[in-house]
Amino acid sequence: MGNVKGFLEYERIDAPTVTEKERICNFEEFHGRLSAEEQRKQAARCMNCGVPFCQAGMMISGMASGCPLHNLVPELNELVEGDNLELAFRRLSITHSFPEFTSRVCPALCEKACTCGYHQEAVSTKENEKAIIEYAFEHGLVEEIIPEVRTGKKVAVVGSGPSGLAAAQLLNSRGHSVTVFERNDRIGGLLRYGIPNMKLDKSVIDRRVKLMEEAGIEFQTSVNICGSKKIDADEPKARFTDKVKYISADKLCEEYDAVVLACGASNPRDIKAPGRDTKGIYFAVDFLGKVTKSLLDSDFDILNKKSKDVFPYSEVLGKDVIVIGGGDTGNDCVGTCIRLGAKSVTQLEMMPCPPTERLASNPWPEWPRVLKTDYGQEEAIYKFGEDPRVYKTTVKEFISEEVKTAEGKKEKRLKEVVLVSLESKKDEKTGRMMMVPVEGSEKTVPAQLVLIAAGFLGSESYVTDGFGVELDGRTNVKTAPGSYAAFSSGSKAGGKTAGNKKECRIYTAGDMHRGQSLVVWAIAEGRNAAREVDQDLMGFTNL
């Protein structure tokens, strides 16, 4: 390293952020950037460890420690410190497909495993990564590989989230003809419609997709891949598009040599409580996606129309909001509803409040199971004067009232919810600890909007049934350990689906394969799946 004492000489300084007072008035990204000089100092804090856990990407005690992409973190920090951002970008591109996404939305697994963080603040690897990729875009360094020769092989990628995009990027660079199918109206998957604009500005996605199109990747939006027949009316459909074209799985397998299923774990976990059919209850991702679509469709002009008659303000303005779920998506709901003028926001978490510092049972370099106060909670504290989170609590009942719609019809609208406290008890049959209701702890509170952010249960059945792939116990697509080739019903992994005229191998990647996870894991999965597809198609791979 250029400065071997950097971690002793410099304290960690994070990039400036827009104040809560200013940022809750819009949906713009609010994280700034350090000066080039200060960024070099931050990179100089890297200790160049002999055993860099930051890039290990290994599982410890069932949790990830370090970057799953195995980014060469000490080397990158050294290049940033030496003001050689161009070479840093070249080096980062060896292992990473989309640093512009992770440097905005990743919880920084690399930093949680940083050796410097054992005694002091970790090295700001995430901001160093953002400095590298934004410099590269500003100086025209970012280019997608345009293959000189095509292999003659065709690959379909179903789903345009981070895993699908990563798989498509590598497969196209190898020379295969790649088509990405997206059931919604814009490319990006949960990057587009699951992460709010203030965390990831959608122009960041658009600039990358434009480069991928120029490199030869074909994108088809508003296309839903289903079974042999059109989806029944009660089946899940594309949520964020007006017109949908349906293509059967059989037809896709007839036309392509390989299909990569990267549809995400898009089956949301519900809250089965009395009154669930009441108007005013949304799955969180559906709501967040509708908000983003309204913003994009109006070119953000919707922000000037703060009216109870215009979505999304019609659903939030002046209302008491309950968010069920304490994770990142729940936090995003809190921040979004504050921006849309909610009267109050309460975030429910079933589990107890985590400790503020690591316990002895959770040592470094394990993922730290400690209390994290994110931007949405910070904004709620500013806006309402207190942390919105209520622990060991869930909804027992949804209470409605009958109202007249603008058309004069009567409907049930949400009025209140009954909350109940939870406690941990051992299940006598399984021996597992369970969170169970505390008798007599019920409390009724006002609520005109409830957002369910309780996680996801796995793949949507109409896709997996259509392709005839097997599922594991968590309803993720089943593969052999360390493989991405799907087990097809009635045939071995990677075999052809029954009825196909030619062999078409089915693969899977991302949340559809590993379950609900992080963007960085999805990118890693997409890259690994691409290597396996290439190996099977060509007999070898240089990806």
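This is a working chat about a predicted model of one protein chain.

User: What does the secondary structure of the protein chain come to?
Analyst: The chain has 19 helices and 18 strands. Its radius of gyration is 24 Å, close to the 24 Å that the globule rule gives for 543 residues, so the chain is as compact as a globular protein of that length.

User: What box do the C-alpha atoms fill?
Analyst: Roughly 65 × 65 × 55 Å, along the principal axes.

User: How many of the 543 residues count as buried, as a percentage?
Analyst: The buried share is 52%. As for the surface, the chain exposes about 24,700 Å², and carbon and sulfur atoms supply 49% of that area.

User: Which residues touch the most other members in the largest nonpolar core?
Analyst: Phe101, Leu191, Leu200, Phe219 and Val533, in a core of 44 residues.

User: What is Phe219 in contact with, leaving aside neighbours within four places in sequence?
Analyst: Leu165, Val180, Ile187, Val209, Met212 and Glu213.

User: And what does the second, separate core include?
Analyst: That core has 29 residues, including Ile24, Val291, Val316 and Val345.

User: Changing topic: where is Arg474?
Analyst: Arg474 sits in the loop between helix H17 (461-467) and strand S18 (505-508).

User: Is Arg474 buried or exposed?
Analyst: Arg474 has a relative accessible area of 53%. The cut-off for exposed is over 50%, so Arg474 counts as exposed.

User: What is Arg474 in contact with, again leaving aside neighbours within four places in sequence?
Analyst: Leu457, Gly458, Arg514 and Gly515.

User: And how many Å separate the C-alpha atoms of Arg474 and Val418?
Analyst: They are separated by 30 Å, and the two residues are 56 apart along the chain.

User: Back to the whole chain. Among contacts between residues at least 6 apart in sequence, what percentage join residues at least 24 apart?
Analyst: That share is 68%.

User: Last one: how many Å apart are the mean positions of the positive and negative charges?
Analyst: The mean positions are 3 Å apart, for 73 positive and 79 negative charges.

Note on methods:
Residues numbered from 1 in each chain as written. Predicted model: local features only at pLDDT ≥ 70, side-chain atom pairs only at ≥ 80, totals over all residues. Heavy atoms only, no water. Core = buried A, V, L, I, M, F, W, Y, C linked by side-chain atoms within 4.5 Å. Buried < 20%, exposed > 50% of the residue type's maximum accessible area, 1.4 Å probe, protein only. Contact = heavy atoms within 4.5 Å. Helix = DSSP H or I, 4+ residues; strand = E, 2+ residues; numbered from the N terminus. Rg over C-alpha atoms; globule rule 2.2 N^0.38 Å. Areas by Shrake-Rupley, 256 points an atom, 1.4 Å probe, with all protein chains shown as cover. Lys, Arg positive; Asp, Glu negative; His and termini not counted. Charge placed at Lys NZ, Arg CZ, Asp CG, Glu CD.
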